[in-house]
Amino acid sequence: MATGKDEVKRLREETGAGVMDCKRALEESKGDFERAKALIKERGLAKAQKKSDREAKEGIVEAYVHAGGRIGAMVEVSSETDFVARNPEFRELAKELELLEQTYIRDASKKVGELVTGIAAATGENVRVRRFKRFQLGQSNGEPT
């Protein structure tokens, strides 16, 4: 049987939340792991919402070209600090983004916008998609050729 320490560690690994937040959530849920996970998610989303008006001047630009070279995209994802922009999960988010309301290709139960909010909740910073541009060969983007 897992000890309290093991459950805290597991919850931290699955949610990205801090040790004390995980411990508190497990205590409040009386050891119910799934309920503790839901508590952390709720609290993280609330924190992310509170921080959504903070300026996000750091970040990264990622580019993606689909196999065959006929479709590509560039996305700029911003954060408040370069510390978060260097975070592996943040960088992976930038690589995975397509459209915020589109279903996430790797998990159809999630929208891409939920991934952005999840990273914001996990990092405690305002994270947003600043710019996104999709290109498809032979398709006009409304710009002069």
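**View 1. Strands β2 and β3 pair side by side in this predicted model.** Strand β2 and strand β3 (residues 128-136) run antiparallel and share eight bridges. Two strands pair if DSSP finds at least two bridges between them. Helices (H or I, at least four residues) and strands (E, at least two) are DSSP runs, numbered from the N terminus. Ala-73 has Arg-134 as its bridge partner in β3. Arg-134 is partly exposed, at 38% relative accessibility. Here buried means under 20% relative accessible area, exposed over 50%, and partly exposed in between (1.4 Å probe, protein chains only).

The model is predicted: local features need pLDDT of at least 70, side-chain atom pairs count only at pLDDT 80 or more, and totals for chains, interfaces and linings use all residues. Residues are numbered from 1 along each chain as its sequence is written, and side-chain values use heavy atoms, with hydrogens and water left out.

**View 2. Strand β1 pairs with β2.** Strand β1 (residues 58-65) runs antiparallel to β2, and eight bridges join them. Ala-63 finds its bridge partner in Met-74 of β2. Ile-60 stands opposite Val-77, also in β2. Five residues lie between the strands of this hairpin. Gly-68 of the hairpin takes a positive phi near 100°. Ala-63 and Arg-134 are 71 residues apart along the chain, yet their C-alpha atoms are separated by 9.8 Å.

**View 3. How much of strand β2 is buried?** Seven of the nine residues of β2 (residues 71-79) are buried, so the strand is largely enclosed by the rest of the structure. In a regular strand the side chains alternate between the two faces of the sheet. Across the protein chain, 29% of the 145 residues count as buried.

**View 4. The chain is built from helices and strands.** There are six helices and three strands. From the N terminus on, the order is α-α-α-β-β-α-α-α-β.

**View 5. The largest pocket holds about 1200 Å³ of space.** Its lining has 39 residues. Glu-14, Thr-15, Gly-118, Ile-119 and Ala-122 lie nearest the centre. The elements that give two or more residues to this lining are α1 (4-15), α2 (19-28), α3 (33-50), α4 (82-85), α5 (88-96) and α6 (112-123). The largest share, nine residues, comes from α3. By class, the lining divides into 14 nonpolar, ten polar and 15 charged residues. Ala, Val, Leu, Ile, Met, Phe, Trp, Tyr, Cys and Pro count as nonpolar, Asp, Glu, Lys and Arg as charged, and the others, Gly among them, as polar. A pocket is an open set of points on a 1 Å grid over the protein atoms alone, where a 1.4 Å probe fits, with protein on both sides within 12 Å along at least five of seven lines; lining residues have an atom within 4 Å of a point. Grid points are joined across faces, edges and corners, and a volume is the space filled by probe spheres set on the points.

**View 6. The second largest pocket holds about 370 Å³ of space.** Of the 20 residues that line this pocket, Tyr-64, Lys-95, Glu-96, Leu-97 and Glu-98 are the closest to its centre. At least two lining residues come from each of β1, β2, α5 and β3. Strand β2 gives the most, with five residues. The lining has eleven nonpolar, three polar and six charged residues.

**View 7. Which ring does the charged end of Arg-10 sit over?** The ring belongs to Phe-33, and the charged end of Arg-10 is 3.7 Å from its centre. A charge sits over a ring if NZ of Lys or CZ of Arg is within 6 Å of the ring centre and within 35 degrees of the ring normal. Phe-33 is placed in helix α3. Phe-33 counts as buried because its relative accessibility is 7%. Glu-7 and Phe-33 are 26 residues apart in sequence, and 7.6 Å apart in space, C-alpha to C-alpha.

**View 8. Lys-30 sits in the loop between α2 and α3.** Most residues other than glycine have a negative phi. Lys-30, a residue other than glycine, has a positive phi near 55°. Is Lys-30 buried or exposed? Lys-30 counts as exposed, at 77% relative accessibility.
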